[in-house]
Amino acid sequence: MLNDTIQVDIDLRGYAGWNSRRAVQVLDKVFPKDAPIQPSLVIVYFGGNDSSAPLSSGLGPHVPLQEYIENLRKIVDHLKSLSENTRILLLSTPPLNDAAITPNSDGKPTKTNEACQIYSEACLDVCRKMNIKAIDLWSAIQKRDNWQDVCFIDGIHLSSEGSKIVLKEILNVLKGAEWEPSLYWKSMPSEFDEDSPYDPVTTDGKSTINLSSWVFPDNDKWD
């Protein structure tokens, strides 16, 4: 990630329609154990597709609950083996707006909020047993007033409002985690934080402005 203040490099590996079964199949390719540099933090986010209703054809992203649990364990075990300094955070299955869900080819809802809760609780249970930090998105999002209407663009995928909730929850975990070194943005050094004559110039034209602390437009909001 490149911005005015470089603190971290972020790699996004989000594939549309993927589930935990496919993730397990590519673990070694995405996170090779012999990589010269291992990630400081991996955020794992599976469950929304896994919890989809199964089809009589056997097609689709549905993964049975017990297999989903085993897949999460395999993912966590692999990530733990990368480095003693690799931190892991799992996001549980978020809720959805049942009223916006369309039926599948079997005439049943493609997803239900009840199934999301079951998979969310399973994820949280895995994390408790494996001593891994987790965020209960199913509960966090539903604390927002009118969450069904404001947190999704289509009843399933998060809107900007829903994404803000996810961001806030992640930052809360990073701030409270007793990790060394800290991965909370206010505690992380900038790669090149020294003053430079190339920084923006003040209105009086006599000095420059160091933007090292300008990570978010409203820093206090994400404290």
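Ala, Val, Leu, Ile, Met, Phe, Trp, Tyr, Cys and Pro are counted here as nonpolar, Asp, Glu, Lys and Arg as charged, and the others, Gly among them, as polar. The model is predicted, with local features needing pLDDT of at least 70, side-chain atom pairs counting only at pLDDT 80 or more, and totals for chains, interfaces and linings using all residues. Residues are numbered from 1 along each chain as its sequence is written, and side-chain values use heavy atoms, without hydrogens and water.

**View 1. Lining of the second largest pocket.** A pocket is an open set of points on a 1 Å grid over the protein atoms alone, where a 1.4 Å probe fits, with protein on both sides within 12 Å along at least five of seven lines; lining residues have an atom within 4 Å of a point. Four nonpolar, three polar and four charged residues form the lining. Among them are Lys80, Glu84, Arg87, Met130, Asn131 and Trp179.

**View 2. Helix H4, residues 113-130.** Helices (H or I, at least four residues) and strands (E, at least two) are DSSP runs, numbered from the N terminus. Just after H4, Asn131 has a positive phi of about 55°.

**View 3. Thr93 in the loop between E2 and H4.** Thr93 counts as buried because its relative accessibility is 0%. Beyond neighbours within four places in sequence, the contacts of Thr93 (heavy atoms within 4.5 Å) include Phe46, Tyr68, Cys116, Tyr119 and Trp138.

Key
The expected span of a helix is 1.5 Å times one less than its number of residues. Buried means under 20% relative accessible area, exposed over 50%, partly exposed in between (1.4 Å probe, protein chains only).
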